[in-house]
Amino acid sequence: MSEEKSSRHWRRARVLINSEALTNNLGRVRDYSPRSQVMPVIKANAYGHGMLAAATALDSADMFAVAMPEEAFALRASGCTKPLLVLHGFYCVDELYKFASLKISTVIHQPQQLDALLKSDLASPVDAWLKVDTGMHRLGIPADETEDYFARLRNSSNVARVYIMSHFANADDPDNKLNNSQLECFLKVTNDIDVDCSLANSAAIIGMPRSHFEVVRPGIMLYGSSPFADVTADELGLQAVMQFETELIAIKQLKAGDAVGYGSTYVAERDMTMGIVAAGYADGYPRHARNGTPVWLNGQRCELLGRVSMDSISIDLTGVDASAGDRVVLWGRELCVDEVAAASESIAYELLCNAGAAYFSLRE
Ligand SMILES: Cc1ncc(COP(=O)(O)O)c(C=O)c1O
């Protein structure tokens, strides 16, 4: 667990990062896809975990993916020498020139990028990852134009290597028909081309071995969350990387009929003991967490009571031996973030990003 002790943090809630868990989870990716190269997705500050620290902990990976040029530039500025891929590609030509000088690879997902790349005069050629839309209908060129784009990229002196990639829309739902349809489309358009390919995200790494190809792109599983609703991270051998903790700051007695918090949405059915915990939505705790969302304290799971406030939450302490100052785990080793996400009409991706963003920005 690491926490920078030198910088001041303005809040009680803290995020601790377990880099050994990241390394363990990378090992699980390699177990699932032993013949593929691994490109961890460390965009959005490594899903809230800290991009530079994550890149260091994942040093044995083959390459990294980020979403935006600025993220790749920050990695290079920090001394990262790994191959880097920018998933959005370049937004303007200046960035393309910077990619060439910093040896950053670009996705090409639309005609404007292809034109700009072919027309440029780069001092050294860049690797280009041609992104094909196989059915997600987000970024990507039409599948039936793959061969044409590929040929134009391969014949350009501005391009070193060309790869082909696509992305699944529903890999977390193994029964979804679109999964196979996307895979078949990808196979069809790449079948006659001698090229290294990438398709699989975490869910496909675990559930769709035929989608592994030469490079896999794990994100959420590296951070210790299960991509599937009905399989736990523990069952997949994944360990929590983010520990989101704070403290119990007050203990109060409620009488039957007392209502708790904003909107008085929880009304005590009996006399009970309640605890106030120093974390709220300002710290990235999900505001939509329901009554009953689990919170861990002194070896026990307690239940959230009422609405989440900006700086505090209330929990049921009936039968729990607790004192003000006790450590409270909002998610982490003792309580999987997936459980909190499921109780909050959200996903672990969002919870991790928000807690990490709040923690790393609320520091001096
Ligand atoms: C293009 C692309 N590949 C891979 C990933 C990793 O996905 P996951 O976190 O589900 O493994 C993402 C994440 O959003 C992505 O956008």
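1. Thr-190 is buried, with a relative accessible area of 7%; buried here means under 20% relative accessible area, exposed over 50%, and partly exposed in between, with a 1.4 Å probe and protein chains only. Thr-190 belongs to helix H8, residues 177-190. Helices (H or I, at least four residues) and strands (E, at least two) are DSSP runs, numbered from the N terminus. Apart from its neighbours within four places in sequence, Thr-190 is in contact with Ile-164 and Cys-197, where contact means heavy atoms within 4.5 Å.

2. On the basis of the values: this is a predicted model, in which local features need pLDDT of at least 70 and side-chain atom pairs count only at pLDDT 80 or more, while totals for chains, interfaces and linings use all residues. Residues are numbered from 1 along each chain as its sequence is written, and side-chain values use heavy atoms, with hydrogens and water left out.

3. Helix H7 spans residues 146-154, and its buried residues are Thr-146, Tyr-149, Phe-150 and Leu-153. Seen down the axis of H7, these residues fall within an arc of 100°, so they line one face of the helix. The arc is that of the directions from the helix axis to the C-beta atoms. The partners against which the buried residues of H7 pack are strand S5 (104-108), helix H6 (111-119), strand S6 (126-133), strand S7 (141-142), strand S8 (159-165) and H8.

4. In H5, the buried residues are Glu-95, Leu-96, Phe-99 and Ala-100. They cover an arc of only 145° around the axis, which puts them on the same side of H5. Asp-94 and Ser-101, on the other side of H5, are exposed. The cover over the buried residues of H5 includes helix H4 (69-77), strand S4 (84-86), S5, H6 and S6.

5. Backbone angles deserve a look at two places. Most residues other than glycine have a negative phi, and most peptide bonds are trans. Lys-103 is not a glycine, yet has a positive phi of about 55°. With 62% relative accessibility, Lys-103 counts as exposed.

6. The loop between S6 and S7 holds His-137. This residue counts as exposed, at 65% relative accessibility.

7. The ligand is surrounded by 13 residues, and the closest are Tyr-47, Ser-202, Gly-219, Ile-220 and Tyr-349; a residue is near a molecule if one of its heavy atoms lies within 4 Å of it. The shell divides into five nonpolar, four polar and four charged residues. In this scheme Ala, Val, Leu, Ile, Met, Phe, Trp, Tyr, Cys and Pro count as nonpolar, Asp, Glu, Lys and Arg as charged, and the others, Gly among them, as polar.

 - A backbone N or O atom of Ile-220 lies 2.8 Å from a ligand oxygen atom.
 - An N or O atom in the side chain of Arg-217 is 2.9 Å from a nitrogen atom of the ligand.
 - A polar side-chain atom of Arg-138 is 3.4 Å from an oxygen atom of the ligand.

Of the 390 Å² of accessible area that the ligand has on its own, the protein covers 93%. Accessible areas come from the Shrake-Rupley method with a 1.4 Å probe; for residues, only the protein chains shown count as cover.

8. Ser-211 sits in the loop between helix H9 (202-207) and strand S10 (215-216). Ser-211 is buried, with a relative accessible area of 0%. Its side chain reaches the backbone oxygen of Met-208 at 2.7 Å. A polar contact is a pair of N or O atoms within 3.5 Å; within protein, one must be able to donate a hydrogen and the other to accept it, and residues adjacent in sequence count only if both atoms are side-chain atoms. Not counting residues up to four places away in sequence, Ser-211 touches Phe-168, Leu-183, Leu-199, Ala-200 and Ala-204.

9. His-212 also lies in the loop between H9 and S10, and is buried, with a relative accessible area of 8%. The side chain of His-212 reaches the backbone oxygen of Ile-205 at 2.9 Å and the backbone oxygen of Ala-204 at 3.5 Å. Residues touched by His-212, not counting those up to four places away in sequence, include Tyr-32, Ser-33 and Ser-36.
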